[in-house]
Each structure stands twice: as C-alpha cells, then as structure tokens.
Amino acid sequence: MTTTAPPRPSGPPPAPQPMPGAKKRLRIDMRQYGILAALLVIVLLFQVLTEGRLLYPGNVSNLIQQNAYVLILAIGMVIVIIAGHIDLSVGSVVATVGAVAALAMNDWGLPWGAAVALSLLVGALIGAWQGFWVAFVGIPAFIVTLAGMLVFRGVALVLLTGGTISGLPRSFNSIGSGTLPTTGQPDLFTLGIGLLASAGLIAQQLRSRANLRRLELPRERTVSFVLKIAIAVAAIMYLCYLLAYNRGTPIILVILATLVLLYSFLLTRTVFGRHVYAMGGNLFAAMMSGVKTKWVTFGIFVNMGLLAGLAGVVSTARAGSAVASAGQSFELDAIAAVFIGGAAVQGGIGTVVGAVIGGLVMGVLNQGLSILSVDAAWQQVIKGLVLLLAVAFDVYSKRRRR
C-alpha cells in the first residue's frame, strides 16, 4: 500500500507574521552615536581643562577655519576608502595646487576667481592622471598615490623654486579667513542661518521617518529620535550663537556645509554612490552585477583630486601665501578623520557626516592641546592613540556582530 504526500503549495513560503502589538524598531547605530558621544566628551573635557577658553567665540571660529582643509579632504577620502582604495598624495597635491593659484594671480595676471577655477581644474587633472593608472592599468592605489606624493611634492618645489609667494589679493584670502557680512553683535544673519539649518534638519529627519513608516520598515524609537534631533539642533544653535558674537559666519563654513549636503546626497541617493558602496563591499559581485568598476574608480580619483585642489586653495588663502612645504601630513590627518568617523578598513562602510565628525574630533584635540600648551610631539602621540583606539573599536564591534 502506497501513500501520496499532500500537494505542496506553489509560490514562496508565507512570511512569518509578527506577534500582535509588535512594533518594528531600528537598532541604534552605536558606532555613529559613539563618535558623537566621544566628540561631546572631548569638548567638555577640554572646556574644563582650559577653564572655558576652548569655546570662546574666537577659538570656535579659528577651529573651523584651521581645520577646513582636513574636513574637505576627509569628504573626498571617505569615498576613496569606502571603495576599497587609499590616496596618499593629497598633501602634495595641496602644495602643488596652492603654488598654481599663487602663480596664476601674481605672475600670470589672472583675477582671483579665474585662478581658483584653474586650481580646481589642475586638481581634477591630477586626480584623472592617478585614476587612469589605478582604474585602467591596474596598479594598486597605494603605489600610484605613493608615487604621486613624491612627484607632486617635487612639482611644488619646482614651481616655487624653493621659495614663497605672498602678497595675494585680499578677496582671495577671505576664502580661508573671511566671514559673511554681519549686522553687528549679535549677528542676526548668522542666527538666521542657524534657525534655517535647524528647520531643514528637522524636516529631513521627519520626512525620512515618515517614509520608513509608509514602507513599514524598522525605525528608531521615538524617544531616541526626538533626543537626537534636540541635541543636533542645540549644537547648531549654540555654534551659531558663538559665531554671532564673534565675526559672523566664516565663508569656509558655508563651503563645508554645501559640500556635506552635496556629497551626502551623492553617496546615499545616486547610482554612483550605490556603486561605490557595492565595490567596497564585494568588488567581484559588483562587477558581476554590471557595475563599471573601472570608470567608477576613475571618477572617485578625479573627485579626490578636485577636493584636494579645493583644499589647496583654502589652505593657501588661509595662510596668505604659497609655500612648497604646505600640505605636510594632510593625507594622514584626512585618513585618520575617516577611520575615526566610522569607515571600515576593508571598505564598503562609511559616511560623509561620520568623516566630518572624525575631522572635528581631530580638530578639537589639536585646539585643546594647543591652548594647554602641550608639546607638539605629545600631540602626535595622543592623536595616534585616538586613531588606534577608533579602529580597534571598529574591529571589536564587527567581531561581536559575527
């Protein structure tokens, strides 16, 4: 006697149903929240140690202007590292582009606006040169950019013949050290920018949460969501309050805010950004999925060259002169900011906001230690230990998830 099994239902198995009353919750990204908490702790620590001098309005403005080059480079570097590459040449590119900008204004007679445009073009061409060797010849980025670090440092020495070019136009110098027009003290324009930025942040967060709810996707608990927004708004308004009682909004802060918004959109909302993450997560799978990995890699290095050129312009404008030694260790500061900001050493993980927060951690450390008159050698030791601990925390977190 034979028996027949009951017919199997066609189609995929039914999805498990959640228990009645269960709510979908998003696990909090402790890596990103940990970075923010670390930044807050470092600020409070140095505020106490310096007897309140760290957050003097003038010091806050200087903090932004002195670390602008690190933040600009970190925005480009995080894209490079997410894709699984590295760029060791950005410091030398900063020096070369700064020399080109100074020569264009002082020797070639170009107005400062044309000199800036030429400098950005030179930076993009340098990025294209390096991207060609990495993407189409297949030489590892470490080797190509290490060679670029030597080549473009030499180019800067040749352009400046070992000297310095100073006496640059005041309008150009204002890019690195100037502020927007003010209405007095407090500067109502700066406070208005803070209110506008806060309103935009709240609207963006509420829209994102509404989309998650509409798609029935996990979302953060209401308490932590509201607390996160409240802390962010308080930080924005306090920063604008300090700037309003100093000289107003630094021009470079507007440039940085624009870059953060632009590149956050690029990485999270465009095909190019998805391809960058796919390449860093699994290069072979990305190739099999039809991603044009060579052209994406080429575009990544062109963009890095462009941002290195912008950092060169900002650094030269801040210093008021071009010197061949400019950009020393800039690449190390940018790489450290990216890893402190949560990027993975293996690639595939990282955010623009995280890289900027990492840059601010480095900047606050520099500012606080300088106010305390800590020797430069010990400053290097402390920054190196902070980088090591950040990467160690990342490795530990991944092991726990596994």
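View 1. Counted by class, five nonpolar, four polar and one charged residues line the largest cavity; here Ala, Val, Leu, Ile, Met, Phe, Trp, Tyr, Cys and Pro count as nonpolar, Asp, Glu, Lys and Arg as charged, and the others, Gly among them, as polar. This is a predicted model, in which local features need pLDDT of at least 70 and side-chain atom pairs count only at pLDDT 80 or more, while totals for chains, interfaces and linings use all residues. Residues are numbered from 1 along each chain as its sequence is written, and side-chain values use heavy atoms, with hydrogens and water left out.

The search of the whole structure turns up one cavity of 30 Å³ or more. On a 1 Å grid over the protein atoms alone, a cavity is a set of points where a 1.4 Å probe fits but cannot get out, a pocket is an open set with protein on both sides within 12 Å along at least five of seven lines, and lining residues have an atom within 4 Å of a point. The volume of the largest cavity is about 30 Å³, taken as the space filled by probe spheres set on grid points joined across faces, edges and corners. Its lining includes Asp87, Gln130 and Met304. Two or more lining residues come from each of helix H4 (90-106), helix H5 (112-137) and helix H13 (293-319); helices are DSSP runs of H or I with at least four residues, numbered from the N terminus.

**View 2. The second largest pocket.** This pocket holds about 260 Å³ of space. It has 11 lining residues, and Ala38, Ile340, Val386, Leu389 and Ala390 are the closest to its centre. H1 gives the most to the lining, with five residues, and helix H16 (376-401) supplies at least two. By class, the lining has nine nonpolar, one polar and one charged residues.

**View 3. Val386, a residue of helix H16**. Val386 counts as partly exposed because its relative accessibility is 22%; buried means under 20%, exposed over 50%, and partly exposed in between (1.4 Å probe, protein chains only). Setting aside residues up to four places away in sequence, Val386 touches Ile340 and Leu365, where contact means heavy atoms within 4.5 Å.

**View 4. Thr50, a loop residue.** Thr50 sits in the loop between helix H1 (30-49) and helix H2 (57-66). With 0% relative accessibility, Thr50 counts as buried. Not counting residues up to four places away in sequence, Thr50 touches Gly368, Ile371 and Leu372.
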